[in-house]
Amino acid sequence: MSVKKKAAAFVNKKAKNGDAQFVELRLYVAGQTPKSLAALSNLKKICTDHLEGRYKLHVIDLVKTPQLAHGDQILAIPTLVRKLPQPIRKIIGDLSDLERVLVGLNLRETGGAK
């Protein structure tokens with residue numbers, strides 16, 4: 001079974017159990033760098049494919065507002081921060097590793113067979 005199908009099955013299972021939750025995400029980027037653009041593109045695809053309208057995404061450009069990095073203790077960019085549901089989780093990089101991002105966002109169970 002593909003990663004996408006496993007994630008969809010996991011989300012559907014949680015939704016049937018009443019566990020489907022709203023996800024609040026913040027993506028910290030630095031201008032229009034290739035990694036920042038790749039992270040945004042990858043995240044938009046992940047949200048469309050796996051969160052089915054149950055998310056709110058804030059893109060924060062630290063070139064324009066560097067003071068916002070302090071609140072979430074951002075040390076590297078791009079960084080994705082999942083604010084809700086708790087606990088807060090952070091994923092650093094261009095979000096191209098779909099498996100890692102899905103696990104980090106709790107959209108896929110860890111340790112499952114591929």
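How many bridges join strand β1 to strand β3, and do the two run parallel or antiparallel? Five bridges join β1 to β3 (residues 79-84), and these strands run antiparallel. The model is predicted, so that local features need pLDDT of at least 70 and side-chain atom pairs count only at pLDDT 80 or more, while totals for chains, interfaces and linings use all residues. Residues are numbered from 1 along each chain as its sequence is written, and side-chain values use heavy atoms, with hydrogens and water left out.

- Strands are DSSP runs of E with at least two residues, helices are runs of H or I with at least four, both numbered from the N terminus, and two strands pair if DSSP finds at least two bridges between them.
- In β1 (residues 23-29), six of the seven residues are buried, meaning under 20% relative accessible area with a 1.4 Å probe, protein chains only.
- Strand β2 (residues 55-61) pairs with β1 in the parallel sense over seven bridges, and Tyr55 in β2 is the bridge partner of Val23.
- On the β3 side, Val81 is the bridge partner of Arg26.

**Lys83**
- Lys83 lies in strand β3 and is buried, its relative accessible area being 18%.
- The side chains of Lys83 and Asp72 make a polar contact at 2.8 Å, a term for a pair of N or O atoms within 3.5 Å of which, within protein, one must be able to donate a hydrogen and the other to accept it, residues adjacent in sequence counting only if both atoms are side-chain atoms.
- Leaving aside residues up to four places away in sequence, Lys83 touches Glu24, Arg26, Asp72 and Ile88, where contact means heavy atoms within 4.5 Å.

Note on methods: Buried means under 20% relative accessible area, exposed over 50%, partly exposed in between (1.4 Å probe, protein chains only).
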